[in-house]
Amino acid sequence: MSGNIQLLSDTLAAAKVEGRAALIAYLPAGFPTVDGGIEAIKAAFDGGADIVEVGLPHSDPVLDGPVIQTADDIALRGGVKIADVMRTVRETHAATGKPVLVMTYWNPIDRYGVERFTAELAEAGGAGCILPDLPVQEAGLWREHAEKHGLATVFVVAPSSKDARLAEITKVGTGFVYAASLMGVTGTRASVGAQAQDLVERTRATTDTPVCVGLGVSNAQQAAEVARFADGVIVGSAFVKGMLDAPDDAAGVEAVRTLAGELAKGVRGQA
């Protein structure tokens with residue numbers, strides 16, 4: 001069974017043909033429940049997201065700020081397992097036909113088994129993985145199995161990354177490059193800043209792979225700002241915050257759908 005890296009590439013290419021950036025939403029599996037998380041992801045797609053990253057909840061999420069940490073904690077206390085993450089990918093991809101990735105730290109994959117994880121993710125219809133804490137030089141085993149199963153390997157670059165390091169990362173990454181707009185953890189911010197545009201330009205000098213920007217984007221205006229220079233706009237904390245602030249799960253799903261609609265207008269320059 002082959003994964004959906006081609007669907008991911010085609011989706012990013014189609015957005016480019018339309019003259020816009022792709023909208024990429026992030027939501028953790030198992031939050032507020034496994035079923036509730038699946039409904040939220042479907043709502044993100046329904047609202048206008050092109051791609052969704054499913055977070056694999058982790059007890060020590062070094063890249064994630066307090067909003068996503070809170071959601072991860074709720075999911076972990078609810079007993080979420082890797083099998084639930086795979087189910088989330090399977091059901092959301094089957095329902096929408098859209099590309100679904102998993103964003104995870106390396107330790108859970110290492111413990112689960114690389115071959116087992118990649119085979120199951122491909123079988124579920126997954127498009128690939130974003131691996132924020134896996135060093136490129138230690139990624140050989142993962143890359144071998146990801147390529148075998150038709151999965152993208154998305155690495156994260158940061159404003160602190162030197163040009164030579166960017167070239168090293170983009171040479172082996174596939175699908176897209178995740179450009180962290182600033183140093184620090186995830187969370188909504190008043191401004192995304194000029195660092196992001198500089199990082200995108202430096203990254204593009206090393207690769208033809210699409211460069212998508214995350215960390216800090218929370219509204220349509222910011223999405224429009226980032227869409228002017230990036231191939232994709234990644235939004236996570238704002239979706240999660242909308243669900244956390246909602247009075248009940250159904251309202252949380254609607255908050256996701258509404259925000260996705262607003263952000264979709266932003267990446268299209270209609271905000």
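Which element gives the largest share of the lining of the second largest pocket, and how many residues does that share hold?

Author: Helix 5 gives the largest share, with four residues. The model is predicted, so local features need pLDDT of at least 70 and side-chain atom pairs pLDDT 80 or more, while totals for chains, interfaces and linings use all residues. Numbering starts from 1 along each chain as its sequence is written, and side-chain values use heavy atoms, without hydrogens or water.

The second largest pocket holds about 200 Å³ of space (a pocket is an open set of points on a 1 Å grid over the protein atoms alone, where a 1.4 Å probe fits, with protein on both sides within 12 Å along at least five of seven lines; lining residues have an atom within 4 Å of a point). Its lining consists of Leu 56, Pro 57, Leu 76, Val 80, Lys 81, Ile 82, Val 85, Asn 107, Pro 108, Arg 111 and Tyr 112. Two elements, helix 4 and helix 5 (106–112), each give two or more residues to this lining (helices are DSSP runs of H or I with at least four residues, numbered from the N terminus). By class, the lining has eight nonpolar residues, one polar and two charged (Ala, Val, Leu, Ile, Met, Phe, Trp, Tyr, Cys and Pro count as nonpolar, Asp, Glu, Lys and Arg as charged, the others, Gly among them, as polar).

Helix 4 (residues 82–96) packs against helix 6 (residues 114–123) at an angle of about 30 degrees, the axes lying 9 Å apart. Helix 4 is therefore roughly parallel to helix 6, a term for angles under 35 degrees. At this contact (heavy atoms within 4.5 Å), Ile 82, Met 86, Val 89 and Arg 90 of helix 4 meet Phe 117, Glu 120, Leu 121 and Glu 123 of helix 6. Five of the residues in this contact are nonpolar, three are charged and none is polar.

For comparison, the largest pocket has a volume of about 250 Å³. Of its 16 lining residues, Leu 12, Lys 16, Asp 208, Pro 210 and Asp 231 are the closest to its centre. There the main contributor is helix 1 (residues 5–17), with five residues. The lining of the largest pocket comprises eight nonpolar, three polar and five charged residues.

Terms used:
Axes fitted to C-alpha atoms, helices over the stretch in contact; angles between N-to-C directions. Parallel < 35°, antiparallel > 145°, perpendicular 65-115°, else oblique. Points joined across faces, edges and corners; volume = space filled by probe spheres on them.
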